[in-house]
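Subject: Handover of the two-chain model

Dear colleague,

Please find the model below, which I am passing on to you together with some notes on what turned up when I went through it. I would be grateful if you read the notes with the structure open beside them.

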Amino acid sequence: MEKEITRQEKIDAYLLNQMSSSERDEFELLLDSDPELQEEIRIRKMIVEEINDRESYLSLIDQNMKKKVLTRKIWRAISIAAVFTGLLGFFIIQPTTTSNNEIYSAFSDIQPGEIERDKVTDPLRGEEYIIPGLPMTDSEFGIKGLDYFEREEYINAASSLQQIKNIKAYPELMLYMAISQLKSNQSSSALINLEYLSSLKNFKSAELAKYYLSLGYINTGKVLKARKVLKEIARAKGTYSTRASEMLSSMRWF
Amino acid sequence: MDPGEVPIKTILNEKVIIRYYDDLRAAFVSYFRKKYNIDTETISDIYQETYYIVFKKVKHKQLAALSCTLKTYVYSIGSNLLLNELRSKKLLTDNLEKSLESEISLDKNVMEEEEEYIKKTSIISEAVDKLTDICKSIIKMFYWEKMKLSDILFKLPGHQSIDALKVQKYKCMKKLEESVKARFNAEGLN
């Protein structure tokens, strides 16, 4: 079954355009001489297209409906305001003008806590650092990921840290991974990981995870969700509550 | 211009076609409900499916050669879907069949192609619907949301490792593909 799964992974990588040009060339050579593979790809392509079309259709209809509802609500709010206060302009021109991008850039400078590293001497490889508690291979990925993070090479950092087998067991490292994903535009992965980390009980950096989660929401235009998380941080009076309040007062309303 | 009167070949992408969804819906539902005495729920479902076919065709640039209006296309596809729906529920009388067929203003050859396309679409869609919830979630996250398996693992409790998830995804896709192939063969489609 392992061989078959590998074959399926190649088919997916081919259909989802995730192959390098040399891999693609090699795969297409194989495809030319394998009618069974051609048939498999033809059927899977139809299925994947159908899944994507159906979801895309539903999501566009949903967006269209929400846009209409939102437009109605905004106009209702504007009308009420115009009648009662005469401050129509107040609702059209929002009281703050800081864009989501500006907020994200201004507030995404906080570094996560240091990860403990031990220096060890290997008879073959000489002196090197390891992360205590991690298996050797994972520790190497961890050290490499943290080095990339320090050098602000976030794509490489995320990619190294993602290779740690059970990263869920090391939430501090996972936070580095999620922040790296956020800073390298892998927003959907970053949000999933930050949502998970924010929900962890007894995780000492949960507040920072929430803080970055709000930045992730801002970065992806989910302003209402960002405001909700920021309010929670501000109310908790923890390390980042002042920053959360500052962000709240700088943000646009919708 | 009335949205229904827009020439279909001028609708260039799926975002534009979605803008007309609501405008045509009310007229379509009201027309078929009154004329054929069909309940609103059924006709709303037919409209939803009809518009999905139009959406797909626009998305994949398959309507550029047609010279009809959006309304003509929607009503023709809708009538065809309604015919099939009534036929499958054994509610189709001869008069109803004739009358619905007269609503189809598309060229016969075009309509035959559309019918095959609709059949294939609905076979795949039904096969996806018949999967277990867990399979549907994995497939949706992997192919639509383009999530990595490592991220899917966080979203789905019950899978202990990426390898277990890979096996599960493989089984789901195998089942789906086998079911689609069997139905295609049974219906003489390729």
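In what follows, helix axes are lines fitted to C-alpha atoms over the stretch in contact, and the angle between two of them, taken between N-to-C directions, runs from 0 to 180 degrees. This is a predicted model, in which local features need pLDDT of at least 70 and side-chain atom pairs count only at pLDDT 80 or more, while totals for chains, interfaces and linings use all residues. Residues are numbered from 1 along each chain as its sequence is written, and chains are lettered from A and ligands numbered from 1 in the order in which they are written.

Overall make-up

Helices (DSSP runs of H or I, at least four residues) and strands (runs of E, at least two) are numbered from the N terminus. Chain A has 12 helices and 2 strands, and along its sequence these follow the pattern α-α-α-α-α-β-β-α-α-α-α-α-α-α. Chain B, in turn, comes to 9 helices and 0 strands. A residue is called buried if 20 or more other C-beta atoms, placed from the backbone, lie within 10 Å of its own, exposed if 12 or fewer do, and partly exposed in between. On that count, 28% of the 254 residues in chain A are buried, and for chain B the figure is 26% of 190 residues. Two residues are in contact if their C-beta atoms, placed from the backbone, lie within 7 Å. Among contacts in chain A with a separation of 6 or more, 42% are between residues 24 or more positions apart, and in chain B, among contacts between residues at least 6 apart in sequence, 65% join residues at least 24 apart.

A helix pair in chain B

Helix α7 (residues 133–144) and helix α9 (residues 162–186) of chain B pack at an angle of about 100 degrees, with their axes 10 Å apart. Because angles under 35 degrees count as roughly parallel, over 145 as roughly antiparallel, 65 to 115 as roughly perpendicular and the rest as oblique, α7(B) is roughly perpendicular to α9(B). On the α7(B) side the contact is made by B:Cys135, B:Ile138, B:Ile139 and B:Phe142, which meet B:Gln168, B:Lys169 and B:Cys172 in α9(B). By class (nonpolar being Ala, Val, Leu, Ile, Met, Phe, Trp, Tyr, Cys and Pro, charged being Asp, Glu, Lys and Arg, and polar the others, Gly among them), this contact has 5 nonpolar, 1 polar and 1 charged residues.

Where the chains meet

Between the chains, 32 residues of chain B are in contact with 25 residues of chain A. Several helices of chain B each supply at least two residues of the side that touches chain A, among them α3 (40–59) and α6 (108–129), and α9(B) gives the most, with 8 residues. That side of chain B divides into 16 nonpolar, 3 polar and 13 charged residues.

Nonpolar cores

A nonpolar core is a set of buried Ala, Val, Leu, Ile, Met, Phe, Trp, Tyr and Cys residues joined through C-beta atoms within 7 Å. The largest has 42 residues, and those with the most contacts inside it include A:Leu161, A:Ala178, A:Leu194 and A:Tyr212. Leaving out residues up to four places away in sequence, A:Ala178 touches A:Ala190, A:Asn193, A:Leu194, A:Leu197 and A:Tyr212. Apart from this core lies another, of 26 residues, among them B:Ile11, B:Ile17, B:Phe28 and B:Tyr51.

Single residues to look at

A:Asn185, in the loop between α8 and α9 of chain A, has a positive phi of about 65 degrees although it is not a glycine, and with 10 C-beta neighbours inside 10 Å it counts as exposed. In chain B, B:Lys61 lies in the loop between α3 and α4 (70–88); its phi is near 55 degrees, a positive value in a residue other than glycine, and B:Lys61 counts as exposed, with 9 C-beta neighbours inside 10 Å. A:Leu200, found in the loop between α9 and α10 of chain A, is partly exposed, with 14 other C-beta atoms within 10 Å.

With best wishes
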